[in-house]
Amino acid sequence: MTDKQNKDKNKQNPSIDRRDFLQGLAATPVLGLFGAALIHEQSVKKKLTKAKPKVVPENLEPLNIAVIGSGAQGQVLIDAMLKLPGLHFKAVCDIWTEYNLKRAAGILKRYGHPVNRYIDYRDMLVREQDLDAVVIASPDFWHADHAVACLEAGLHVYCEKEMSNTLEGAHRMVMASRKAGKLLQIGHQRRSNPRYLHCYDKLIREAKLLGRMTSVNGQWNRAVQPDLGWPEKYAIQPDILRKYGFDSMHQFRNWRWFKNLGGGPIVDLGSHQIDIYNWFLKARPKSVLASGGTDYYDPAAHEWYDTVLAIYEYETPAGTVRAFYQTLTSNSSEGYFENFLGDEGTLHISESSNRGGVYREPNAPQWDEWVRLGYLSAPEKAGTQATSAVLDVRETIAPDRHDIPIVFTDPYHMPHLENFFNTVRGLDTLNCPAETGYETAVTVLKVNEAVKAGKQLAFSEQDFLI
Amino acid sequence: MAIREPFNLKLPDIERLNSVQRFDHAAMNTQFEIWTVHPNAYYARQAAHEAFVLLDQIEHDLSRYISNSDISRINQLPGHPVIISEQTLRCLQQCQHAEKLTSGYFNAIVGHLTGRSRGNTRRGTGEIPSSASVLEIDAEHYLVTLNHEQAQIDLGGIGKGYAVDRMVDLMHDWEIGSALIHGGRSTVYAYGQFQDEIGWPVSISDPFTRKAEKRIRLNNRALSASGLSRGMHIINVKSGKPVQANQAAWAMAPTAALSDALSTGLMAMPLREIGRMCEMNQGCAGLKIMRKNAMSRLYAYGIFN
């Protein structure tokens, strides 16, 4: 029987719903019902979750790379790249020479990569003649200029999200990539995360465990934090700051809050997850309604909204999906996650610490076959095993929760970077090419517009096309 | 390794100290705090924020409960070299240093065996191999290989101390002239002037009687505590058996990583070996309180003031 036939059969026979069955007359022990599936699932799970050593292909083409922007995010990317084989770091560029640049170059040197240091990216591109690719982690408002210059120099580019703080900038990046015939990957790293890939490919597309998706909700809530400071002795000279677009050291350190430099929390935090909305729904939104404001922090130093709640409306082949997203910067409750809700199940997922689970709706088709195939774990049923036909009445049992049987064992960002470098080598295809990054930028940047407009704004298909 | 306990390291009554700025952050299954004395309270807060960001990064490298940490990656791939971060390398090197100082009574290769013993705390599991015998460190290339299928690295006995040291480095870089940093009160490092005197006051009390035994001014050094009030959780690596619950130990050292590790090692170390270790290593001191027949007895080695 094929998976589809099996699923169809289950749909036709809702009378054997397992949860109802257990809650009523539990004649069959849970292990009996799930026994074979459980045993098989355990062996599959073992194979799926056991970390495997990286197999480095013979004759892996070495790549010469440079990094533009070695602040907090640049350092995260460098740390991940140092764990990838076949990369030769040649140069690092950052205007904070006494702190970011010194730290990054020092670490790279200790790992056997004596890099050249640059303040100006143009200078770097003139002098470094043997580069293959550049990784960009500079502030958002610099992304377009940095990426376009690198692409025009004939280099492949990995650029951190948000692709740009303006659609005009993002548009230029796509065009430069096309004109140069060079790769441009945008750093929406969840698109290469094996847990997210499993959820999309196996659970949503193939097994269709969620049924007809009707709603999405997600959030990134972050605790209150002070404006970023700097050790006083390492302050950048005012003329250097001005040359590179900052009016002060405070603005340099807190560029994300300024309207001409970044996009605020909805872009910094929300973009990662709203990108997943588009991906998992395989659709573009047709409208967005949003409310937000600088409710908590001093508006003089925080031009962008510190609190944003947005509702998107998607039109999918199966019907309308409404997707809610919130970002708070004054409370960290529940951290960050995404929930995809359908009439047959719920997927809860987060990039954080393998958090997540899948929940079956009452009367939805059985998932035994998918458990047997190792697509998801058998449900946790601690203390609920029935051993006879007599119902043991006790405290309320929790709903079935299935684990996603993929444990993420690589450093964050590594799979996405690896996808990029392997595509440069001709061994893979990009998981987030420029056009996809552009669609996400269109989707996310519109939220700030909607907040300002105070009304629902519509997207047209043309908005997403280049 | 050990679940570190805060019960016995008394810090100054901060509520009455208006001149002190106090910041806290949850990490490594406990609460870290930074106390500073700085004329610009907001600047101190910004420095503390950066220190806590660093703390989270270190936890992410060192925790065996995070599936993609360096330590988890090493543990999951016995026999295979794993590229690790600079922080992880430095911490592992300090583990091996502490292991040497304590003649093997501190050992980061106990996680798996500790886990196994939880189900049967009375039965010994035999001597645990030294980290030098199962952990291959290629420092030049930042590669670590765990050459033992059953062994696991667990930095629970040193990770908090290591993180405190790096946070201290950061506070110096920010030119914060006086600070006290602790991880769950079981490991504390302090430097600089507090209330017109050099060093920050901390105290040690008998966990069995609650009587204050020592008051110390901590300056450019660290103090750590270990005990068993939460039950038997420290394994004597020589015998594989849990350490008996009738004792508590404190260690002082030039770094928090070392004091953290030493205090764990002291729990199982015979008194004569503690004395020898403190004699041979300047800046290290050990103190142990043992309870027998409803009486506490204190043993102190090295300079403990």
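**Figure 1. Confidence along chain B of the predicted model.** Chain B has a mean pLDDT of 87, and 86% of its residues reach 70 or more; pLDDT is the predictor's confidence in each residue, from 0 to 100. Helices (H or I, at least four residues) and strands (E, at least two) are DSSP runs, numbered from the N terminus. In residues 1–7 of chain B the pLDDT is below 50, and this stretch has 33 contacts in the model beyond near neighbours in sequence. Residues 114–124 of chain B also have pLDDT below 50, with 12 such contacts. Two residues are in contact if their C-beta atoms, placed from the backbone, lie within 7 Å. For the complex, the predictor gives an ipTM of 0.88 and a pTM of 0.88.

Residues are numbered from 1 along each chain as its sequence is written, and chains are lettered from A and ligands numbered from 1 in the order in which they are written. This is a predicted model, in which local features need pLDDT of at least 70 and side-chain atom pairs count only at pLDDT 80 or more, while totals for chains, interfaces and linings use all residues.

**Figure 2. Helices H1 and H3 of chain B.** H1(B) (residues 41–62) packs against H3(B) (residues 86–101) at an angle of about 70°, and their axes are 9 Å apart. Axes are lines fitted to C-alpha atoms, for helices over the stretch in contact, and angles run from 0 to 180 degrees between N-to-C directions. B:Ile58, B:Asp61 and B:Leu62 of H1(B) meet B:Gln87, B:Thr88 and B:Cys91 of H3(B). By class, this contact has 3 nonpolar, 2 polar and 1 charged residues (Ala, Val, Leu, Ile, Met, Phe, Trp, Tyr, Cys and Pro count as nonpolar, Asp, Glu, Lys and Arg as charged, and the others, Gly among them, as polar).

**Figure 3. The contact between chains B and A.** Chain B gives 21 residues to the contact and chain A gives 22. On the chain B side, H1 and helix H2 (70–76) each give two or more residues. H1(B) gives the most, with 6 residues. The chain B side divides into 8 nonpolar, 8 polar and 5 charged residues.

**Figure 4. Two domains of chain A.** Chain A is divided into domain 1 (63–190) and domain 2 (193–411 + 437–464), with bounds from an automatic or database domain assignment. Their centres, taken over C-alpha atoms, are 26 Å apart. In the contact, 22 residues of domain 1 touch 26 residues of domain 2.
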